[in-house]
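Biologist: I would like to learn how to read a model like this one. Please take me through it feature by feature.
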Amino acid sequence: MMRILVIGGVAAGTKAAAKLRRELPSSVITVVTSDRHVSYAGCGLPYFIGGIIKEERELVVKAPRLFKEENGIEILTLHQAVRIEPEAKKVEVIDLEKQVHKVFDYDLLVISTGASPFVPRMEGIDLDGIQVLRTIDDAREIRDRVDQNAARQALVVGGGFIGLEVAENLVHRGIPTTLVEFQPQILPGYDLEMALIAENHLVEKGLRLIKNRKVVAFEGDPLGKVQNAKLDGGEVLAADLAVWATGVRPNVELARSCGIVIGPTGAIQVDERMETNIPGIFAVGDCAENQHLLLDRPVWFPMGSTANKAGRIVGINASGGSKRMPGLLGTNIVKLFDLNAARTGLSTREALEAGFDIETVLVPANDKAHYYPGYRNVNTKLIADRKTHRVLGGQIIGEGVVDKPIDILVTAISFGATVEDLTTLDLAYAPPFSMAMSSLITAANVLENKLTGKVQGILPTELFERMEGGEDFQIVDLRSEPEFIIGTIEGALHIPLTELSSRIGELDPARETVLLCKYGKRSYLGARELTHAGFEKVEILEGGLLLYPYETV
Amino acid sequence: MEIRVNAKGLQCPGPLLQLSNAVKSAQAGDRVLIEVSDFGFKKDIDKWCKKTGNTLISLDEKDSILSAVVEVVRKA
């Protein structure tokens, strides 16, 4: 009888075990995990802290007892695998409750040891009140402090998804919260101007955000409870709860120590079938690498969605099938208060680093017909290869629906679509669901105009940096008087679009000219006019004043 | 006097232009009640009132429609 051992029991491990059971009904399947819980929704933990998910049990997909009863899978919690012997096909496991060693024989081994939060050693890091968030027990610990009013000032370290979601939920619970990010932007993998939209929204919602700063030490009270954090700039932040969320690292030591090859990303190297270099040993989930669909190299994207899909593929391949995992695009999505953000494929920086010559576009639009109540703004960034016009990546951020357009984009990129392909997609349309020209199609149209030289654009981040650098621009605000009153870019000349042709003499055709309006449409019309009139360099401010993330006057 | 403006279905800059025109034609002390479906208006109206010196009395959201009441202090 085939004996299958699975190490790790959150998403990938339990998915692989469940699929193996269906493929190999007569096998003996055992899952060992050092955790107290199995098969839980790790991604739901921030919302448990926020109280949006009321009880722990709501997070659990399936209890160990049910795995036994319904699937015939033996799950051993609080069982830590400590050694793999590939020649003998044995795994040594410690029963953490009884403190006894057990040895399991296997014919097939699935490693899904996951990832762990990375916390650097520093002064005061072990003080009471400093938490990571990875397991249900972690979430319980943080939630209890909040419930017992033991958290009056919170600090979140790290502006990635977990950090941001935890921060949102702490603010939601009414706790004054500061988020410290070491990088110049939050939301890694998003372009700066997109991250700035999110940053402004978070600050509006009451989060205090400190960027370009590292937490270097913590100080506690005589009872050993955290009181404040010290930053590398010398600042001191008071906090009686600190959540450390600067990312996770794959748990690979068990695999490494038995001769399994670790890839360049630091995660376990696997082939397209998710099998390691040792035949019969598969690796899946947050501990394993994947291929990038657009880049000829392995990547490590620890995502619950990947873990589930790859878990199923391991189940098929480990039972003799042959199913490939072609690759990933680094797709992700996050809700931050009223804002939704999603990305897929290559960011501007990633595309440039990979050697692509790119053109990009940033276009505001709505998620539904403008006359249908309830529509909201969504802003689309697209990145394409200048030569082939192939779409390489995209980011969508706004209060409106972003999951639909990002998934369309994922599909398009997966099948090698060009910008022109996007512009003519036969997408579903009725007023409650979309605009007649959907936000994605509109963005693709503007990108096509840029690729064919009909219009040139400048991003708010580039304009701002070059102005700070003292470069000369002729900035023209084309909006109407009441709009101009509410604020514009410092130094901008006000000429409403309707007056542009009669007042064109006020402008110098030799200067670099940036046109701005609220969304970009009037700028586009103005740019056509000025270019036709012989102006040397005319650019529209991409995203308009709507997405200009800096101060206006 | 209360002036009611239906700016539903209008996108930027429509609602702000309608408000500006209504305030222009009103007397000090009058109130303009404007209904808008463009949520970008939320931030605009707040800034516009501050800059023009008119008073934003209320800004409510119901069934995806924004209703704002502006008391006219001076002409826009």
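Biologist: How many helices and strands does chain A have?

Modeller: Keep in mind that this is a predicted model. Chain A has 15 helices and 30 strands.

Biologist: What radius of gyration does chain A have, and what would a compact globule have?

Modeller: A compact globule of 553 residues would come near 24 Å. Chain A has 27 Å, which agrees. Along the principal axes, its C-alpha atoms fill a box of roughly 90 × 60 × 40 Å. Of the 553 residues of chain A, 46% count as buried. Take contacts in chain A with a separation of 6 or more: 64% of them join residues 24 or more positions apart.

Biologist: Now helix packing. At what angle do helix H1 and helix H8 of chain A pack?

Modeller: Helix H1 (residues 12–23) and helix H8 (residues 304–318) of chain A pack at about 35°. Their axes are 7 Å apart. The crossing of H1(A) past H8(A) is right-handed. On the H1(A) side, the contact residues include A:Ala12, A:Ala16 and A:Leu20. H8(A) brings several, among them A:Ala307, A:Gly311 and A:Val314. By class, the residues of this contact divide into 8 nonpolar, 3 polar and 4 charged.

Biologist: On to sheets. How do strands pair in general?

Modeller: Strands of a sheet pair through backbone hydrogen bonds, parallel or antiparallel. For a case in chain A, take the open sheet of 3 strands in the order S4-S5-S6, where the pairing is antiparallel.

Biologist: Which strands of chain A stand at the edges of that sheet?

Modeller: Strand S4 (79–85) and strand S6 (100–105) of chain A. Each has a single partner strand, so one side of each is left without a neighbour in the sheet. The twist averages 25° from one strand to the next. S4(A) pairs with strand S5 (residues 90–95) of chain A over 6 bridges, in the antiparallel sense. For a landmark, A:Ala81 stands opposite A:Val93 in S5(A).

Biologist: In what order do the strands of the chain B sheet lie?

Modeller: The order is S1-S2-S4-S3, an open sheet of 4 strands with mixed pairing. Strand S1 (2–7) and strand S3 (55–62) of chain B are at the edges, each with a single partner strand, so one side of each lacks a neighbour in the sheet. Neighbouring strands are turned by 15° against each other on average, direction ignored. S3(B) and strand S4 (residues 65–71) of chain B run antiparallel, joined by 7 bridges. B:Glu61 stands opposite B:Leu66 in S4(B).

Biologist: Which strands does helix H2 of chain B lie across?

Modeller: Helix H2 (residues 41–52) of chain B lies across S2, S3 and S4 of chain B. The helix runs at about 170° to S3(B).

Biologist: Last, the interface. How many residues does the contact take from chain A and from chain B?

Modeller: The contact takes 17 residues from chain A and 19 residues from chain B. On the side of chain A, helix H14 (residues 481–485) gives the most, with 3 residues. That side has 7 nonpolar, 5 polar and 5 charged residues.

Definitions and conventions
Residues numbered from 1 in each chain as written. Chains lettered and ligands numbered in written order. Predicted model: local features only at pLDDT ≥ 70, side-chain atom pairs only at ≥ 80, totals over all residues. Helix = DSSP H or I, 4+ residues; strand = E, 2+ residues; numbered from the N terminus. Rg over C-alpha atoms; globule rule 2.2 N^0.38 Å. Buried ≥ 20, exposed ≤ 12 C-beta atoms within 10 Å, placed from the backbone. Contact = placed C-beta atoms within 7 Å. Nonpolar A, V, L, I, M, F, W, Y, C, P; charged D, E, K, R; others polar. Axes fitted to C-alpha atoms, helices over the stretch in contact; angles between N-to-C directions. Left-handed = near helix turned anticlockwise from the far one by under 90°. Pairing = 2+ DSSP bridges.
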